[in-house]
Amino acid sequence: MKATVSIPKKEWNKETTFFSKIPFYLFCLFILWFVVTFLLFPNINVLRDIFWVDGQLSLSAFQRLSSSSRAIQSIINSFLLAFVLVITVNLVGTFIVLVTEYFEVKGSNFLRIGFMSTFVFSGMVLNNGYLYVYGQNGIITKVLTSLFPNLTPGWFTGFPAVLFVMTFACTTNHMLFLRNGVKGLDNNTIEAAKNLGSSQWQVLKDIVFPTLFPIMITLVIMSFQMGLGAMAAPIMVGGKFETISPMILNFTQRPQSRDIAALLSLILGAAQVVLLVVMTRNEKKGNYMSISKTKTRVTKQKIGNPIANTLVHAIAYLLCFIYLLPLVLVILFSFMNLQGISRSVLSLEYFTLENYQQILFNRNSYGPLMTSIGYAGLAAVFAVLFMILIARIVMKNKKKKIAEITEYFFYIPWLLPSLMIALGLILSYGAPSPLLFGNSVIGSLWILPLTYMIMMLPATLRYIKGAYYSFDENLEDASRILGSSSIRTFLKIILPALLPTALALVALNFNNFLADYDLSAFLYHPAYPTIGIAIRSNADSANNLNAAAINLVYSVILMIVGGVMFYLIYGRGSKVGERRKKVVKEKGILEKPKGEN
Amino acid sequence: MIEISNLQVKYDNFIAVDDVHFKVEEGEFFTLLGPSGCGKTTTLRTIAGFIQPSEGSIAIRGKNILKVPVEKRDLGMIFQSYALFPTMSVYENIAYGLKIDKQSKSQIDERVQELATLVELNTAQLQKNVSDLSGGQQQRVAIARALAKKPKVVLFDEPLSNLDAKLRKQLRAELKRIQRETGMTAIYVTHDQDEALEISDHIAIFNNGKIDQIGTPREIYDQSSTEFVCKFIGDANYLEATLIDHINRYLGTKRFTVGKRHYIREEKIKLWSSNTEKMIPMEVQIIDEFFYGTFTTYVCKYQDTTMRIIVKEDGNMKVEPGMKRTVYIDPEDILEYEVS
């Protein structure tokens with residue numbers, strides 16, 4: 001028997017439902033336009049540029065690429081860097097996590113601060129710092145040349161220099177993910193292994209590493225990815241050691257070589273897709289979670305062998321020294337005058353605040369900083385707002401294919417390297433386009449923050465979806481049944497619950513793109529260079545002390561901003577949006593996504 | 001008051017609720033009872049408007065509400081997780097629906113106070129954050145919030161299942177009191193048979209998406225219409241064919257069909273009987289005994305039938321495991337079902 005539904009024709013809710021859905025339909029149109037204009041069309045154009053010449057299918061880009069020895073060498077270099085970096089980063093990364101979280105090492109709190117310095121001392125700032133210490137005029141170089149007069153001042157260059165910088169720059173993920181993994185180990189399993197006669201090494205080999213295996217594989221893949229797409233380090237300290245990303249930048253700047261740039265981007269993109277597939281498969285394999293009913297926190301393990309213990313302590317402090325030296329010197333020398341900087345001497349005699357005054361009160365100096373803050377800030381806020389709405393639509397229509405497809409579109413920037421996205425935008429909108437309502441991206445101010453935003457979308461969507469999953473759906477039901485409309489429920493109930501995650505994401509996105517160089521190099525407006533561009537060009541003027549001083553101050557300011565942002569994300573600031581202290585208890589569930597089906 | 005007809009809820013090829021009919025009268029406490037996954041919560045959420053049925057109708061006071069949006073159905077709901085808004089105080093939680101109705105501040109104050117008195121929350125507790133309250137207090141807030149707008153019907157989705165046994169018992173009585181005082185019509189979902197028997201005016205027993213029986217608690221218990229209901233409600237002993245044969249022989253008739261399935265409630269088997277004409281004696285072996293304070297359960301065996309007998313404890317029980325003992329059954333108490 002069919003339903004006996006008999007609603008009067010003039011039922012109020014039918015009409016209001018249609019009109020109240022008009023904003024939703026408009027938003028859907030906006031999504032469609034955004035996806036086509038910024039996610040699909042530019043990337044299709046990159047492919048077209050490679051394979052479609054003079055109206056027909058062509059493989060000339062491959063021929064041109066294979067005949068360019070410089071381009072081929074850059075590909076070889078990138079893969080070489082990626083492979084070696086996987087080994088060095090994971091060795092150093094695993095070691096620093098074990099000495100701070102697993103083994104009983106004296107001064108581990110201090111060491112942890114040193115190893116976590118890359119959270120704020122990263123990207124262009126880090127590269128500039130290493131250049132400042134190990135470069136031609138660097139302190140270490142001066143010390144070394146005084147000890148070994150035959151050493152050339154430009155010794156810190158090429159593959160070893162890039163590898164060195166990147167090894168210490170890329171352990172942030174270890175301190176984030178592997179550290180959490182070690183902290184989450186079940187001490188009972190370690191004790192049980194010891195009880196059964198395992199040595200310290202056997203416990204590591206048989207219990208600890210297998211438990212951390214999925215995280216470690218993910219870290220291997222991430223470090224490979226970072227090596228393959230390296231941009232800042234090869235540009236800053238690479239010298240003749242050229243890699244794919246800077247090469248793409250070079251080829252893009254010459255219109256006749258753009259197809260080679262596009263092909264190089266495609267190679268990077270293909271590698272990224274393969275890595276993502278491997279990573280996803282790895283995530284799905286096996287159960288590595290503790291099945292213990294009463295999990296206990298891991299207690300720090302003593303290294304019984306005195307020689308091994310001394311060796312571990314020595315290496316830990318040496319690494320910490322390497323991590324902290326550029327950072328400390330950058331901070332200290334930012335307070336030295338030009339004489340102090342040129343002589344590389346730290347002395348109260350040379351102490352000055354002039355460098356800071358010069359930046360904080362000079363439009364030309366603080367301009368790039370303000371531009372970057374504006375760009376990264378706008379992009380971060382809009383990315384989060386946009387993805388909150390998208391996630392809402394996706395979650396409300398979980399079972400609909402169209403919602404699933406829409407979601408996948410927003411993950412496109414994850415699959416493709418940022419350079420390919422930037423190149424796609426240049427290729428597609430170098431001239432006025434109807435998709436941009438007659439505008440072009442050349443010389444426009446908004447293209448860079450927009451590209452930042454595009455790159456922020458996948459991770460933002462993923463995290464917000466996670467927050468939605470941990471949101472108690474009964475709260476929404478309760479609000480609706482109490483008479484609240486869906487918009488009011490969204491604003492009053494759902495949004496406040498998502499706010500801590502949303503604010504943390506704004507901060508995280510902002511930090512990630514504040515000192516961006518890679519995208520800026522492609523898309524910045526000449527009148528409004530970003531801080532990444534400014535640091536890079538200052539670093540270039542090797543003998544210009546003033547530029548070096550400016551870079552030191554920029555670095556310190558960026559580290560302060562980064563520090564504040566991390567405080568907001570992980571410190572007290574993450575409680576913003578909770579009106580009462582005790583709500584933290586409730587929020588606990590929001591921070592542990594249940595996972596998706 | 002509320003009438004559910006021919007209700008069906010389908011998820012792709014899976015039918016979660018099938019051909020469900022029931023009627024709840026004004027001021028009645030109606031319970032949907034059944035094991036996990038039987039469709040009772042789906043039915044409740046369909047009434048609330050969170051799920052669209054594939055077939056059927058839901059009418060409140062004669063008006064079909066199937067196309068009326070959730071927020072306009074004028075229903076109250078109490079959730080298993082309470083679903084209290086964590087960013088709001090107790091007062092704000094209770095006042096939430098009233099604010100949506102744009103009631104004046106004084107009206108809201110008055111109503112919140114009234115509800116606080118009803119659910120026994122004090123003024124200080126009203127100002128607290130909901131996470132500062134105990135589970136029982138949070139449940140009281142959830143009840144007050146659901147009642148604030150004086151809804152036509154209040155829906156309860158296993159509201160006591162998160163509480164400990166003692167508190168659950170205490171709150172059941174409270175719920176019944178509140179229902180009596182407010183005269184609300186309640187539809188209550190639970191899988192706890194004791195809870196259902198204690199507080200309901202009528203119970204619908206759900207089994208695999210369908211309703212097996214609707215009746216008063218006494219009807220459901222004493223005259224369970226299906227084997228599933230008999231086994232789900234209370235505790236019943238399954239009687240093997242040899243015992244049924246013994247009973248038929250004692251009665252001298254074929255009153256019970258060997259081949260059908262027979263049960264008897266544990267408390268219906270007696271250790272003593274004054275009415276020897278009506279009661280059928282049988283000699284059993286006492287196997288085990290479990291003492292529960294106010295009563296004792298004996299496990300006994302008659303040929304291949306193992307039975308549990310509940311006996312009210314009076315301190316003079318002369319029964320011990322290993323003993324042979326005559327027990328008595330009233331044939332009227334035997335429940336007979338077709339083999340399904």
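**View 1. Packing around helix α8 of chain A.** The model shown is predicted. Helix α8 of chain A covers residues 158–169, twelve residues in total. From first C-alpha to last, α8(A) reaches 16 Å. That is close to the 16 Å expected at 1.5 Å a residue.

**View 2. Buried residues of helix α8 of chain A.** Which residues of α8(A) are buried? A:Ala161, A:Val162 and A:Leu163 are among them.

**View 3. The fold of chain B.** Chain B holds ten helices and 17 strands. The C-alpha trace of chain B spans about 75 × 45 × 30 Å along its principal axes. Chain B has 340 residues, and 39% of them are buried. Take the contacts in chain B with a separation of 6 or more: 66% of these join residues 24 or more positions apart.

**View 4. The two domains of chain B.** The domain assignment gives domain 1 (2–232) and domain 2 (236–337) in chain B. Taken over C-alpha atoms, the centres of these domains of chain B are 39 Å apart.

**View 5. Where the domains of chain B touch.** How many residues of domain 1 of chain B are in contact with domain 2 of chain B? Five residues of domain 1 meet five residues of domain 2. On the domain 1 side, the touching residues of chain B are one nonpolar, two polar and two charged.

How values were computed
Residues are numbered from 1 along each chain as its sequence is written. Chains are lettered from A and ligands numbered from 1 in the order in which they are written. This is a predicted model: local features need pLDDT of at least 70, side-chain atom pairs count only at pLDDT 80 or more; totals for chains, interfaces and linings use all residues. Helices (H or I, at least four residues) and strands (E, at least two) are DSSP runs, numbered from the N terminus. A residue is buried if 20 or more other C-beta atoms lie within 10 Å of its own, exposed if 12 or fewer, and partly exposed in between; C-beta atoms are placed from the backbone. Two residues are in contact if their C-beta atoms, placed from the backbone, lie within 7 Å. The expected span of a helix is 1.5 Å times one less than its number of residues. Domain bounds come from an automatic or database domain assignment. Ala, Val, Leu, Ile, Met, Phe, Trp, Tyr, Cys and Pro count as nonpolar, Asp, Glu, Lys and Arg as charged, and the others, Gly among them, as polar.
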